[in-house]
Amino acid sequence: NPASTTSHVWERQWPIKPDVVFEGGNWARDAYNSAIGGDPDEIRLLTTNNEFTNNYFTITGDTSAATAQVARIAAIIQKTYPELWPETIRALIVHSAEWTPAMLRRWKIEQLSTSTRKSVVENLIRYCGFGVPDITKALHCAENSLNLVIQSSLYPYAKGKKMRDMNLHEIPWPEDILRDLGETPVTLRVTLSYFIEPNPGERGWKKRHNYQSHGLRFDIQTPYETRDQFRSRINNLVREEENLTTQSSSDSSEWLLGDRLRHKGSIHSDIWQGTAIDLASRKHIGVYPVVGWWREHTVHEKWNNLARYALIVSISTPAENVQLYTAIANRIGIQITV
């Protein structure tokens, strides 16, 4: 809605906000571009009134209305899947979001793809986050589109300002189906969500690692890269980030955001586009820590804190009659209700 707040004017190292946007009513202007009474009731949203003795209903709008509607989606997800963590609910909301045609037109994007300039993509997500959430996508999977939900944790640091854990998740792709699809276009989306603890002794973001208690990153195995080579590359990425010399990964151009843009804040979502046969070779996703004040400020003795995270991985293809969900469900032992 016209009152949405953005991170478009923030310094580039700050997180990308908002995470998502939602309908919050409208404003009206006359032919002279002047506001017509501010916000007429007819174009605002109806809601219940806290002063119900006067009137059962009232109007709402702007970011308050949008926030309430996203909170509703979170409540529905929690009610449907009570075992999910808050990190996971947040990840599902972001992961289900899409940009509307009006949002794309705002930045003169005719067709959003991995070939779209990264600066244009950054303008888009800093203006309206990852788009509008879709409750149906967040709750359900289709046969030619599926979500894998991983809830896990790791110890980011060890005593002595040392890095500690990283997790490698093996994704149960139906390789035979993907290879049979050959050059069929496939979209892979990955979302990593976690919560940080703000630095108790700093104001703002004077240096790169002062604000966040810890940071997490994800990367995915490239074709023809063995598991050991992938693990070694992640170790190199950790060292490069610690020395502020991080280089873009070899497949960064195949992602919508790329590794330099997606690793802002504490929720990271990105989209890869390629062929089914290419995706079949990408079997592992690594989640690893980067420096935060838990490691650097030893006086607080936070080096042994556990960091929880949610990882959402989805693949979709325009191909009809592709039994992706059934194939993976059979592989990992999910019972399919008949």
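View 1. Helices (H or I, at least four residues) and strands (E, at least two) are DSSP runs, numbered from the N terminus. Of the 338 residues, 46% count as buried, where buried means under 20% relative accessible area with a 1.4 Å probe, protein chains only. The protein exposes about 17700 Å², and carbon and sulfur atoms supply 50% of that area, computed by the Shrake-Rupley method with a 1.4 Å probe. Among contacts (heavy atoms within 4.5 Å) with a separation of 6 or more, 74% join residues 24 or more positions apart.

**View 2. Helix α4, residues 118-128, and its packing partners.** Here you can find V120, V121, E122, L124, I125, R126 and C128 buried in the helix. The buried residues of α4 pack against α3 (101-106) and α8 (259-262). After the helix comes G129, with a positive phi near 60°.

**View 3. R295 in helix α10, residues 293-296.** R295 counts as buried because its relative accessibility is 7%. Its side chain reaches the backbone oxygen of K161 at 3.2 Å. Leaving aside neighbours within four places in sequence, R295 is in contact with Y157, K161, K162, M163 and E242.

**Notes for all views.** Residues are numbered from 1 along each chain as its sequence is written, and side-chain values use heavy atoms, with hydrogens and water left out. In this predicted model, local features need pLDDT of at least 70 and side-chain atom pairs count only at pLDDT 80 or more, while totals for chains, interfaces and linings use all residues.

Note on methods: Buried means under 20% relative accessible area, exposed over 50%, partly exposed in between (1.4 Å probe, protein chains only). A polar contact is a pair of N or O atoms within 3.5 Å; within protein, one must be able to donate a hydrogen and the other to accept it, and residues adjacent in sequence count only if both atoms are side-chain atoms.
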